[in-house]
Amino acid sequence: VSAATHLSFIFLDVLVTHPLDDATVYAGSTLGLQRSTDGGLSWTNLKPPVSATVLNIRSIAPNPRDPLIYYTTTDQGFWYTADNGSSWNATRVPGVADNELSDVVVAESDTNIVYVATKKGVFRSINRAVAWEAINGNLGLADTKTLVVDPKNENRVLVGTRDQGSAIADGEGLYVTADGGVKWEKQQAFGG
């Protein structure tokens with residue numbers, strides 16, 4: 001365990017508390033993944049086993065029902081742990097390069113289901129990130145950056161896209177699916 005003063009939190013990209021224990025905090029930066037179990041007073045490095053000395057953490061998703069399980073996307077790939085960071089498993093999203101991963105979310109209504117946003121659309125796993133399927137429907141190969149899963153319905157997903165010349169149905173924006181990715185509808189912003 002390292003004191004917080006001995007860790008560098010520069011370029012901090014992700015800060016997440018665990019849904020079951022608000023004293024457990026995960027911090028992700030260009031220096032890797034750290035966890036605090038005392039509300040940020042002390043920290044432990046939890047770097048997945050990659051060869052690179054710099055590991056940029058892009059997203060952290062704790063399992064909302066099991067404090068030992070969490071997932072992380074990095075510029076070196078997708079990793080998950082089932083034992084609170086003691087060991088790590090890598091998973092490959094088909095057709096997506098390791099550095100094309102963005103946001104990861106665990107469905108609260110069924111924690112076996114994990115979603116990941118990528119530069120090539122949205123992917124879903126129904127077996128805790130072991131195998132993946134694209135759920136892009138009419139979304140095409142959109143550059144997706146962030147996503148949210150309805151806590152009561154794992155098939156209702158909102159995703160934010162960025163159009164970089166990809167085949168998005170209506171360009172960049174906010175899209176929602178109510179059927180697990182078969183059909184996506186663009187959401188309109190209303191002033192008021």
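Modeller: What follows takes the labels one at a time.

Modeller: A caution to begin with: this is a predicted model. The chain has zero helices and 17 strands.

Colleague: How many residues are there, and what share of them count as buried?

Modeller: The chain has 192 residues, and 45% of them count as buried.

Colleague: What share of the contacts joins residues 24 or more positions apart?

Modeller: Taking contacts with a separation of 6 or more, such pairs account for 42%.

Colleague: Why is Val-106 called buried?

Modeller: Its relative accessibility is 9%. Buried means under 20%, so Val-106, at 9%, counts as buried.

Colleague: Where is Val-106, and what is it in contact with?

Modeller: Val-106 is placed in strand S10, residues 101-106. With neighbours within four places in sequence left aside, Val-106 is in contact with Ala-61, Pro-62, Asn-63, Pro-64, Tyr-71, Thr-111, Ile-113 and Val-114. From Val-106 to Pro-62 the C-alpha distance is 7.3 Å, and the two are 44 residues apart in sequence.

Colleague: What is the volume of the largest pocket, and which residues are closest to its centre?

Modeller: The volume of the largest pocket is about 280 Å³. Its lining has 17 residues, and the closest to the centre are Ala-61, Pro-62, Val-104, Val-105 and Val-106. Strand S6 (57-62), S10 and strand S14 (143-149) are the elements that give two or more residues to this lining.

Colleague: Which element gives the most to the lining of the largest pocket?

Modeller: That is S10, with four residues.

Colleague: Which residues is Val-148 in contact with?

Modeller: Val-148 is in strand S14. Its neighbours within four places in sequence aside, Val-148 is in contact with Arg-156, Val-157 and Leu-158. Between Val-148 and Ala-107, which are 41 residues apart along the chain, the C-alpha separation is 8.9 Å.

Colleague: Why is Ala-129 called buried and Arg-128 partly exposed?

Modeller: Ala-129 has 0% relative accessibility. The limit for buried is under 20%, so Ala-129 counts as buried. Arg-128 is at 30%. Partly exposed lies in between buried, under 20%, and exposed, over 50%, so Arg-128 at 30% counts as partly exposed.

Colleague: Which residues form the nonpolar patch on the surface?

Modeller: Ile-10, Phe-11 and Leu-31 form it, and together they have about 320 Å² of accessible area. Ile-10 is in the loop between strand S1 (2-3) and strand S2 (12-18).

Colleague: Why is Ile-10 called partly exposed, and how do you know that its accessibility is enough for a patch?

Modeller: The relative accessible area of Ile-10 is 48%. Exposed would need over 50% and buried under 20%, so Ile-10 at 48% is partly exposed.

Technical notes:
Residues numbered from 1 in each chain as written. Predicted model: local features only at pLDDT ≥ 70, side-chain atom pairs only at ≥ 80, totals over all residues. Heavy atoms only, no water. Patch = residues over 30% accessible without salt bridge, like charges linked within 9 Å, V, L, I, M, F, W, Y side chains within 5 Å. Areas by Shrake-Rupley, 256 points an atom, 1.4 Å probe, with all protein chains shown as cover. Salt bridge = Lys/Arg side-chain N within 4 Å of Asp/Glu carboxyl O. Buried < 20%, exposed > 50% of the residue type's maximum accessible area, 1.4 Å probe, protein only. Contact = heavy atoms within 4.5 Å. 1 Å grid on protein atoms, 1.4 Å probe; cavity = no way out; pocket = protein on both sides within 12 Å on 5 of 7 lines; lining within 4 Å. Points joined across faces, edges and corners; volume = space filled by probe spheres on them.
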